[in-house]
Amino acid sequence: MKQFAIALLLLALCAPAAIPAAHDDVSAPLRQFIDGFNTGDTNSAFAAYASGTITIVDEFSPHLWTGPNAAHQWADAYDKHAQATGVTDGKVTYGKPTRTEIEGAVAYVVMPTVYLYKERGKPMQEEGQMTAVLNRESGAWKIRSWSWSGVKPHAAK
């Protein structure tokens with residue numbers, strides 16, 4: 001009985017280490033990336049990404065960026081696309097994730113979003129969602145991949 005009580009006590013003392021902390025918000029890097037995009041803080045936006053190979057899928061050409069420089073290549077392609085189509089004042093709003101799956105050091109998050117911008121001076125919007133895979137690196141969640149999917153852009157309401 002005494003050994004059982006000791007084992008139970010040790011289990012109770014070790015259990016909190018196995019439970020993720022409440023402040024461990026897996027969607028924080030997505031908000032960091034979007035907030036950096038919105039404010040033009042590229043250092044903050046790029047810091048949200050994991051090291052190594054990144055994959056991004058988005059609606060403008062070439063639609064797929066992959067590799068260790070994918071985030072920078074996507075940003076360059078976004079700028080070229082915006083210049084070519086007259087897009088200015090791009091901003092993304094977001095809500096609470098509608099789905100979060102965490103399995104060890106890997107997470108899957110779906111976050112509702114709205115992309116607001118002007119196209120040749122005309123206010124536009126596109127309701128969509130970001131779907132991301134994140135990895136835990138050095139005790140923090142980082143974006144490994146994300147994709148944007150949404151409705152066809154339309155005049156802002």
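The side chains of S27 and R31 make a polar contact at 2.7 Å. Here a polar contact is a pair of N or O atoms within 3.5 Å; within protein, one must be able to donate a hydrogen and the other to accept it, and residues adjacent in sequence count only if both atoms are side-chain atoms. The model is predicted: local features need pLDDT of at least 70, side-chain atom pairs count only at pLDDT 80 or more, and totals for chains, interfaces and linings use all residues. Residues are numbered from 1 along each chain as its sequence is written, and side-chain values use heavy atoms, with hydrogens and water left out.

Stay with S27. It is found in the loop between helix 1 (2–18) and helix 2 (28–39). Helices (H or I, at least four residues) and strands (E, at least two) are DSSP runs, numbered from the N terminus. S27 counts as buried because its relative accessible area is 3%. Buried means under 20% relative accessible area, exposed over 50%, and partly exposed in between, with a 1.4 Å probe and protein chains only. Leaving out residues up to four places away in sequence, S27 touches P97, V109 and M111. Such a contact means heavy atoms within 4.5 Å.

Now step back to the whole chain. It holds 4 helices and 8 strands. From the N terminus, the elements run α-α-α-β-β-α-β-β-β-β-β-β. The chain has 157 residues, and 31% of them are buried. Take the contacts between residues at least 6 apart in sequence: 51% of these join residues at least 24 apart. The chain exposes about 9500 Å², of which carbon and sulfur atoms supply 59%. These areas come from the Shrake-Rupley method with a 1.4 Å probe; for residues, only the protein chains shown count as cover.

Next, the open spaces. The largest pocket holds about 340 Å³. It is lined by 19 residues, and D58, E59, F60, Y78 and Y115 are the closest to its centre. Helix 2, helix 4 (70–85), strand 3 (87–94), strand 5 and strand 7 each give two or more residues to this lining. Helix 4 supplies the largest share, 4 residues. By type, the lining of the largest pocket has 14 nonpolar, 2 polar and 3 charged residues. Ala, Val, Leu, Ile, Met, Phe, Trp, Tyr, Cys and Pro count as nonpolar, Asp, Glu, Lys and Arg as charged, and the others, Gly among them, as polar. On a 1 Å grid over the protein atoms alone, a pocket is an open set of points where a 1.4 Å probe fits, with protein on both sides within 12 Å along at least five of seven lines; lining residues have an atom within 4 Å of a point.

The second largest pocket holds about 220 Å³. Its lining includes F33, F37, F46, W74 and Y78. Helix 2, helix 3 (42–47) and helix 4 each supply at least two residues. Helix 4 again gives the largest share here, 4 residues. This lining divides into 7 nonpolar, 4 polar and 1 charged.

Two strand residues come next. N135 sits in strand 6. With a relative accessible area of 17%, N135 is buried. Its side chain joins that of R144 in a polar contact of 2.6 Å. Apart from residues up to four places away in sequence, N135 touches A105, V106, A140, W141, K142 and R144.

K118 is placed in strand 5. At 35% relative accessibility, K118 counts as partly exposed. K118 and T88 lie 30 residues apart in sequence, yet 5.2 Å apart in space, C-alpha to C-alpha. Beyond its neighbours within four places in sequence, K118 is in contact with G86, V87, T88, D89 and P123.

Finally, the backbone. Most residues other than glycine have a negative phi, and most peptide bonds are trans. The bond from S61 to P62 is cis, with omega near 10 degrees. P62 lies in the loop between strand 1 (54–57) and strand 2 (64–67).

R120 is not a glycine, but its phi is positive, near 55 degrees. The loop between strand 5 (106–119) and strand 6 (122–137) holds R120. R120 counts as exposed because its relative accessibility is 63%. S138 is not a glycine either, and has a positive phi of about 50 degrees. S138 lies in the loop between strand 6 and strand 7 (140–150). At 84% relative accessibility, S138 is exposed.

Key
Points joined across faces, edges and corners; volume = space filled by probe spheres on them.
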